[in-house]
Amino acid sequence: TGQNASMGNAGMFYSPERTLPSKTLINFCDATSLTLTGIGIRASILAPKAAVNFTNGNIDGTLVTKSVT
């Protein structure tokens, strides 16, 4: 938790037998600023209060934010 969060140069992949990406949520509930750089994520990201700076990456899921640049 915290107001400023970041995720960079990361990938998240799942074994089909263990975890379904469609049921995986990454929750930044308190973040007001979130930086996503060079990511490959098979999950949804929830950051409803955050202004997100998203560069160079892929999200195979839903991104819920206040704003995205």
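**View 1. Ser44, a buried residue in strand 4.** Ser44 is buried, because its relative accessible area of 18% falls under the 20% limit. The model shown here, as in every view below, is predicted. Ser44 sits in strand 4, which covers residues 44-55. Its side chain reaches across to the backbone nitrogen of Thr62, at 3.1 Å. With neighbours within four places in sequence set aside, Ser44 is in contact with Thr24, Leu25, Ile26, Gly61 and Thr62.

**View 2. Thr62, in the loop between strands 5 and 6.** Strand 5 spans 58-59 and strand 6 spans 63-68; Thr62 lies in the loop between them. Is Thr62 buried, partly exposed or exposed? Thr62 has a relative accessible area of 45%, so this residue counts as partly exposed. Its contacts, leaving out neighbours within four places in sequence, are Ala43, Ser44 and Ile45. The backbone nitrogen of Thr62 is the atom that the Ser44 side chain reaches. Leu46 is 16 residues away from Thr62 along the chain, and the two C-alpha atoms are separated by 8.0 Å.

**View 3. The salt bridge between Arg42 and Asp60.** How many salt bridges does the count give? The count comes to one. Arg42 pairs with Asp60, and their closest N and O atoms are 3.7 Å apart. Arg42 lies in the loop between strand 3 (33-41) and strand 4, and Asp60 lies in the loop between strand 5 and strand 6, so the pair ties together parts that are 18 residues apart in sequence. Side chains of opposite charge can pair when their charged atoms come close. Both partners are partly exposed: Arg42 has 33% relative accessibility, and Asp60 has a relative accessible area of 44%.

**View 4. Thr65, in strand 6.** Thr65 belongs to strand 6. A polar atom of the Thr65 side chain lies 3.2 Å from the backbone oxygen of Ser67. Which residues does Thr65 touch, not counting those up to four places away in sequence? They are Ala47, Pro48, Ala50 and Val52.

View 5. Phe28 touches Ala5, Leu34, Ile45, Leu46, Ala47 and Pro48, not counting residues up to four places away in sequence.

**View 6. The whole chain, for orientation.** The protein chain has six strands and zero helices. From the N terminus on, its elements run β-β-β-β-β-β. Of the 69 residues, 28% are buried. The chain exposes about 4,400 Å², with carbon and sulfur atoms supplying 49% of that area. What share of the contacts with a separation of 6 or more comes from residues 24 or more positions apart? Their share is 29%.

How values were computed:
Residues are numbered from 1 along each chain as its sequence is written. This is a predicted model: local features need pLDDT of at least 70, side-chain atom pairs count only at pLDDT 80 or more; totals for chains, interfaces and linings use all residues. Side-chain values use heavy atoms; hydrogens and water are left out. Helices (H or I, at least four residues) and strands (E, at least two) are DSSP runs, numbered from the N terminus. Buried means under 20% relative accessible area, exposed over 50%, partly exposed in between (1.4 Å probe, protein chains only). Contact means heavy atoms within 4.5 Å. A polar contact is a pair of N or O atoms within 3.5 Å; within protein, one must be able to donate a hydrogen and the other to accept it, and residues adjacent in sequence count only if both atoms are side-chain atoms. A salt bridge is a side-chain nitrogen of Lys or Arg within 4 Å of a carboxyl oxygen of Asp or Glu. Accessible areas come from the Shrake-Rupley method with a 1.4 Å probe; for residues, only the protein chains shown count as cover.
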